[in-house]
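The following explanation leads the reader through one structure. Please keep the sequence and the three-dimensional view at hand while reading.

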Amino acid sequence: MNLTDYFGWMATLSTIGLYLTGIQTCNKIFRNGNSANIPYFPILSCLTSCIIWLKYGMLLQDKAITIVNIIGVILESIYVVIYYMYLNNKSTSNRMSLYAAVFVLSTLGFVKYGINTFKTALYLLGIIGSFTTIVMYGSPLASVVKVIRSGSSESMQLSLCLANAVVSFEWSAYGYIINNRFVMIPNCIGVILGILQLILYFRYRVVSTKSDKSLPI
């Protein structure tokens with residue numbers, strides 16, 4: 001196995017592990033009996049990113065990118081269905097889903113019918129895929145204000161923050177090896193975002209623990 005295949009499979013397996021962290025979210029939904037307090041945006045952004053990158057991987061004929069995003073589309077679609085099944089007020093989520101659907105369908109439609117050259121199509125998908133990757137890695141940071149205000153990182157998932165950092169590093173290395181800036185650059189940003197999430201998690205985890213210890217018995 002050469003270096004490209006090694007990093008490709010390592011990144012693929014780690015990313016599947018990242019997708020499987022969604023099982024924790026589903027278990028939380030099952031325990032609560034609803035998904036009202038679960039953020040929908042990280043799930044939706046991951047599904048959107050997987051769809052764009054699946055098309056990119058198929059055009060590029062890259063086995064690692066294609067396989068991991070097929071699995072990602074399947075798992076994230078299941079998570080979306082479970083989220084909706086346990087959601088009472090669907091108005092906001094419906095609006096977000098509509099925006100995502102319009103974004104994905106217009107992108108894929110334009111790539112298929114509005115672009116004549118393979119190189120241009122690949123370039124456009126690479127740009128859009130890079131954007132969706134950065135959004136996906138940064139989506140857990142949407143709870144930053146809540147974490148800072150509450151002084152507790154309880155709303156953040158350590159496994160998700162850690163997986164984001166590791167997975168983005170592996171895809172950065174893979175992008176460097178295959179000389180693909182669309183894979184490398186957004187994942188380098190993902191490494192930085194992942195480290196910031198970990199710092200935030202442990203910083204406010206310590207503060208929360210000290211606060212608990214100071215309470216009278």
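**Loops, rings and cysteines**

Gln-61 has its place in the loop between helix 3 (41–60) and helix 4; helices are DSSP runs (H or I, at least four residues), as strands are (E, at least two), numbered from the N terminus. This is a predicted model, in which local features need pLDDT of at least 70 and side-chain atom pairs count only at pLDDT 80 or more, while totals for chains, interfaces and linings use all residues. Residues are numbered from 1 along each chain as its sequence is written, and side-chain values use heavy atoms, with hydrogens and water left out.

Although Gln-61 is not a glycine, its phi is positive, at about 60°. With a relative accessible area of 72%, Gln-61 is exposed; the term applies over 50%, whereas buried means under 20% and partly exposed lies in between (1.4 Å probe, protein chains only). A second residue of this kind is Asn-179, which is not a glycine and has a positive phi near 60°. Asn-179 is found in the loop between helix 8 and helix 9, and at 70% relative accessibility it counts as exposed. As background, most residues other than glycine have a negative phi.

Helix 4 (residues 63–85) contains Ile-74, which is partly exposed, with a relative accessible area of 48%. The C-alpha atoms of Ile-74 and Leu-47 are separated by 8.7 Å, and the two residues are 27 apart along the chain.

The aromatic rings come next. A pair of aromatic rings is described by the distance of the centres and the angle of the planes. Rings of Phe, Tyr and Trp (its six-membered ring) pair if their centres lie within 6.5 Å; planes under 30 degrees apart count as stacked, over 60 as edge-to-face and the rest as tilted. By this rule the count comes to nine aromatic pairs. One of them joins Tyr-6 and Phe-7 edge-to-face, at 5.6 Å centre to centre with 90° between the planes. Tyr-6 is partly exposed at 43% relative accessibility, whereas Phe-7 is buried at 17%. Another edge-to-face pair consists of Trp-171 and Tyr-174, at 5.5 Å centre to centre and 85° between the planes. Both residues lie in helix 8 (residues 158–177), three residues apart, about one turn of the helix, and both are buried. Trp-53, Tyr-56, Tyr-123 and Phe-182 form one aromatic cluster.

Phe-182 also has a charge over its ring: the charged end of Arg-181 sits there, 4.9 Å from the ring centre. For such an arrangement, NZ of Lys or CZ of Arg must be within 6 Å of the ring centre and within 35 degrees of the ring normal. In the case of Tyr-204, the charged end of Arg-203 sits over the ring, 5.3 Å from its centre.

Helix 9 (residues 181–213) includes Phe-202, which is partly exposed, with a relative accessible area of 39%.

Finally, which cysteines form disulfides? A search of the whole structure finds zero disulfides, a disulfide being a pair of cysteine sulfur atoms within 2.5 Å. The sulfur of Cys-46 has its closest cysteine sulfur in Cys-50, 4.3 Å away, which is too far for a bond. Cys-46 is buried, with a relative accessible area of 8%, and Cys-50 counts as buried at 1% relative accessibility.
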